[in-house]
Amino acid sequence: MRFPRSPAARATVAALLCLLAAGSPAAAQQATGRVQGVVRVPGTQRPLAGAQVFVPGTGIGALTDGAGRYALDRVPAGSVTLRVQMLGYAQAERTVQVAAGATATADFELEETAVALNEVVVTATGETRKREIGNSVSAINAQEIQRAPVRNAQDILAGRATGVNVLSNSGQPGAGGTIRLRGNNSVTQGNNPIIYVDGVRIYNGLTPTNVYARQAVSPLNDIDPDDIDRIEVVKGPAATTLYGTEASGGVIQIFTKRGMAGAPSWTAEISGGFNNMGHIGPKEDKTGMWLNRCRGDGLVTGTGVRFEDPTCPASGSWLRNGPIQKYGLSVRGGTPDVTYFLSANYGDEEGVLPTSGSKDGGFRGNFSFHPAKTVQVALNSSYNKRNTRWIPDGNNASGVMLNVTRGPDSNFKGSGCSDPDVVCVNNAEIFKSQSNTITDHFITGFTVDYLPSDRFRNKLSVGYDYNQADITTVLPFGFLRLPSGQMYWNGWRRTLITVDLASSYRLDFGRDWVSTTSAGGQLFDSRLNNTAVTATNFSGPGKPTLISAALRDVTDDDRTRVINAGFFGQEQIAWKDRLFITAGLRVDGNSAFGESFGLQPYPKLSASYVLSDYDWWPKSTVETFKLRGAVGESGKAPGAFDAVRTWSPIAGEDGQPAFTPGQLGNPDLGPERTRETEVGFEASAFGGRVGLDFTYYKQHTFDALIAVSYPPSEGFLTNQLENVGQLQNTGIEARLDLQFLRRPNLEWSGHVNFSTVNSKALDLGGQVITLGSLARTYVKEGYPVPGYFGKKVMNPDAIADPIIEDDQYLGSAFPTKTIAPSTSITLFRRLTLDALGEWQLGGHLLNAVAYQNANKGEWFPCVDVQKKMAAAATDPSALNGVTALQRARCTTDGTVRDYAFWVEPTDFFKMRSISLSYDLPANLIPGARSATLTIAGRNLFKITDYTGTDPEVTDVRDYSFARRDYYNFPTSRSFLATLRVSF
Amino acid sequence: MWGTQMKATRLAAVAAAALALGACDLSVENPGPIPDAELNTAGAMPALVNGMSADLSVAVDLMARYGSVLADELAHSGNYAAEGYFYRGVIPPENVNDVWGDMQRARWVAEHGIDRLKEVLGSGFESSPLAIRANLYAGYANRLLGENVCDAVIDGGPKQPYTEHFTRAEAYFTEALRLAQAQGNTALANAALAGRAQVRADLGNWDGAAQDAALVPTSYHFDAIFSTNTERENNTLAYETQTRREYTVYNTQWAQNSNKDPRVPWDTVKTSAGKIQTGQDGKTPFFRQMKYKGLDAEIPLAKGTEMLLIRAEAALRKGDVPGAVELINQERTAYGLAPASAATLEEAWPLLQKERGAVTWLEARRFGDLRRWFAASGPEKNNFLQGRATCVPISDEEMHSNPNLGG
């Protein structure tokens, strides 16, 4: 099927070309000198690494090294203004006299501050000072994560920015998580934020799930954390309007490290450690659901069924310490005209279960050069290869959790037991299946900054994101549960081409007024190739391929191409550099829109007012204060071809070609739109010792795309998208930064990120959206999106029989409140303790493991209850002390038991990381300029009343939006030692 | 400032680039799904009719599974929540969205496919075997619905008596018979006769049913087709019993047969310890049905042996016990079984009901038979459904989405 060419795409391309044609530089030759110096933190005199030192309006600049040193060569002779900036520090500026052929020295001291209004962030129109922006932008810099034991890019986001919620989904190494910015504002179109890496948009979803692991890999995690310079998180439609359709879930911008002028600076890093799992499952269960202990005492169910597993490892536990090793090497350097950053990394992480692990490696090359004085070109490329070795997990009859935790009811019955009267299981057979997801991720792109004058700025980014995954599961010939063997293969390739142009022109009116006009456009060409084959019945043993099987079934073959293109215009009026009014309009076209939809406009309006710039402002107490507010729209396009009525080709009559009704189609389909209003302020007080960033937001999604079901009696069984719904999200975000102490030998700071998300479906066109009936997860008018609904015990704490009501609201599926405190203490400028914790509150999860295992007498919290319930048949007093909720949950009466009783609050606190770093003396390692030794722990402990294994897990294959804990492996803790040396 | 010449050069470059890009392919693609209008070609008609067959097989397969535990054919020995309810005789409307949808789709594609066939084939419709098949699939889809659902709903319309499906089925079978006879296609004519005999019986027209049934050879069968070719074509009842152990023969009337009745074959599986394997639930003894051993095992839609039993039931309804027993024994002989005996209606009805149960075992027929006998008041009264659901209700999805049902 082919569609007419997109007029919006053409218009955008033409606009891009017109803007590209604007002028070319003329290089000029002149006398130059050198400027060098050191950047430090005042008071403690701690050298500051990674600060940007540059000459504004030119391409001349450098980053400070580990000792805080910088050097700028080929600086034009004469009076030159140098500016120094770094995330988390107040900008500094000074004028230096540079003599031709001579070296000038300029040292700087950067004040640590929670609110730096002149800090530059990147918006859709280009680089902008924070003081000009009317919405909240969270930024995480390299320093924040350098000492933390982050495993991947997803880990960086957890707890470090307000409005960001990260759920890890699984404890398997390599598993991708779920990321939400300000909650869910779409029922059907996904809520993943869009992601840019160095201006190149990358695929923001997960790979297809591995059918046996029930988990997927996140391409976001292919970005090596050590390569990341900073991450900016733009959270709502009011801020993402100019990013166009698909941006209503927010935008995450990742900027990787750049080169700096000077001699090559090498950084080598080596990490070693191990993953370790503590006790699994309810504390009443001393065997840890027979995972912690699979030999010896306790191999008996609550109903007295004994079992034995001769294949249990000699250690007596299925769990092990999984070694972790990681190596990284990078070099950066260059001349004033050409800089480079090169890096390579390799990591190998074993899981805590046999055969699980993840191995990855990659390299990056970032280059920047000035082909002319007014032109800077940056080329950024990276490649990552990852092999994730999964364990069979989740809702999988051959899964580890599903079988081991069921004791004698494992599907892997076997032989070799010493006692003929026990049930004999051979769970080691589970690990003979091999599930892998092997990914290749290549990102490349270039950015051209053309600055013909201080007033006129142009930026063109062109990029290519290439993702490929080879996803396999092999049940070898002779596998206990399927002796003839089976192989699943999924070949997935996803590419995304980005063309992004933004230009702005600044015009001064008198002394006080400045107009900045911006325009630009973007074009995204997204292609997907996905083929899945199931092959069954191998001819014999040996390592199989698809053709080793007698039966081969192509179960999926997608080859789609979608183009999304748009252009924008923005006008900003500034008054005295303290009041900024910005109005913008984005216009988008998308091949998914129905015939009745053409271009879609998304407007925005924002204001920023820096009150602390007034003379009357009490600067002695509150030195910085900015009020801001914004209202804007963004949208989400429907699926690529949701507007069209189709039939699906199938096979019937034993392999004969056939058709079946596919999709009903809707010619009136358009994007859903989210309008957001946010207001807030940023303040810094007491000399930067206290910072507060506060935001209130309200999002209203209208024309929400809801999958409306049509009568099945009309033949088409798939639901059809319609623009019928309205959703709402409100919340607050606050970040509190505290500098408790700033002494030469003691620095102590703390931060608290606090976010709330209250979502509600306002109107669903009368529909109840079923996201997962067995997950008891629905979207209903008047309730959070999504929520759990079902049977509820109305007298949970009463010592009585349960009173059960149908169709009750049971709770929000996603957390509604996040509190993430962190602290950092530095002693003697060398020893630093960092800690980050996180509370996630208000969420719920269906504990399907308990539901299933309780019915088999294998859920230990129910064992005593079930004995009392059995005894009550003859002695009703046996139930004394047993609550109604316990009776409902633990009953084995099929007419009573229900998944819904096991929807539990997931309120938890997790100690995300603790690290202790020591900056080694420079002379300890010959030739080293700096060296740091870090000992760290990740996910060290959790506090929760959730009775399942982990409140963050979910079966990704079962549901994309609903969440259900169905035998998914919990997250483990990790211990790491890292040595980082710079030469 | 740009010079005039420079400006002209750049504009020309832009124009050239724009032209070049204009020539680029910016169209979007989604090969695979077929737009509705593109089906209106003669070449697509065989696949359209194959699709009717495929959708009918999917519906028969799922109804055979659900029907087995709703009736007295199998017991539930697994973890599936829906089957847990069904086995207890409870049918929550939210748990039948799948089977209701599958059965309705099978009916819709066949009925509307006939209209498309007529439009596309024109005068060729009368001479096309596809026309016979399409009418047969429409007939059997309606029969499947009529025998299992509580109410009929046609194309998003209002609720009607379930017998509407039998009326429609009879019309489609009659049309199939006319076309088959005109085309000299004996095999498909038998399929039409057998189907019409079934629905005439369902409508209470026992004379008409017996007349049609008498014309069908005992050895004849017309099947829903299954295959290992693709997963969608699999007989999932075979998977759920041969591989997963979700259903068991244990604790049913058939478990008493000690595996002697070739119409109801089952066996047991032993663990390595020599004990009988339990079902997927870990506790119910697993007796494995062996009627469908593979994923490609066909499920009969109509059989000559069932025709004998339709005639036997027609005879019983006239009080002709010897005549009925004679027909029952013809059926038993066809399976190599010794003759049975019954002297009175009170003896003959249970015999007939058990014979029908054995002959149509796991063919998505028993639940409908039990409803028919449960509704009766004479000696044919069967109380298995006492206190249990007697039919598949309109699904939640239909109720919520069909404006004629208040959705």
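Let me begin with one residue, B:Ala134, which, once its neighbours within four places in sequence are set aside, is in contact with B:Val49, B:Met52, B:Ala110, B:Gly113, B:Ile114 and B:Leu117. Please keep in mind throughout that this is a predicted model.

B:Ala134 also belongs to the largest nonpolar core, which has 124 residues, and it is listed there among those with the most contacts inside the core, together with B:Ala59, B:Met63, B:Ala141, B:Ala176, B:Ala192 and B:Ala324. The element that gives the most to this core is helix H2 of chain B, residues 45-70, with 16 residues. Apart from that core lies another one, of 88 residues, including A:Leu402, A:Leu664, A:Leu705 and A:Ala854.

Staying with chain B for a moment, I turn to helix H8, residues 206-214, in which B:Trp206, B:Ala209, B:Ala210, B:Asp212 and B:Ala213 are buried. These residues are on the same side of H8(B), because the arc they cover around the axis is only 165 degrees. Among what covers them are helix H7 (186-202) and helix H10 (304-317) of chain B.

Now to chain A, where four strands form an open sheet in the order E3-E2-E5-E6, with antiparallel pairing. Strand E3 (61-63) and strand E6 (89-98) of chain A are the edge strands, each of them pairing on one side only. On average, and with direction ignored, neighbouring strands of this sheet are turned by 20 degrees against each other. Inside the sheet, strand E2 (residues 52-54) and strand E5 (residues 78-86) of chain A pair in the antiparallel sense over three bridges, and A:Phe54 has A:Arg83 as its bridge partner in E5(A).

Technical notes:
Residues are numbered from 1 along each chain as its sequence is written. Chains are lettered from A and ligands numbered from 1 in the order in which they are written. This is a predicted model: local features need pLDDT of at least 70, side-chain atom pairs count only at pLDDT 80 or more; totals for chains, interfaces and linings use all residues. A nonpolar core is a set of buried Ala, Val, Leu, Ile, Met, Phe, Trp, Tyr and Cys residues joined through C-beta atoms within 7 Å. A residue is buried if 20 or more other C-beta atoms lie within 10 Å of its own, exposed if 12 or fewer, and partly exposed in between; C-beta atoms are placed from the backbone. Helices (H or I, at least four residues) and strands (E, at least two) are DSSP runs, numbered from the N terminus. Two residues are in contact if their C-beta atoms, placed from the backbone, lie within 7 Å. Two strands pair if DSSP finds at least two bridges between them. Axes are lines fitted to C-alpha atoms, for helices over the stretch in contact, and angles run from 0 to 180 degrees between N-to-C directions. The arc is that of the directions from the helix axis to the C-beta atoms.
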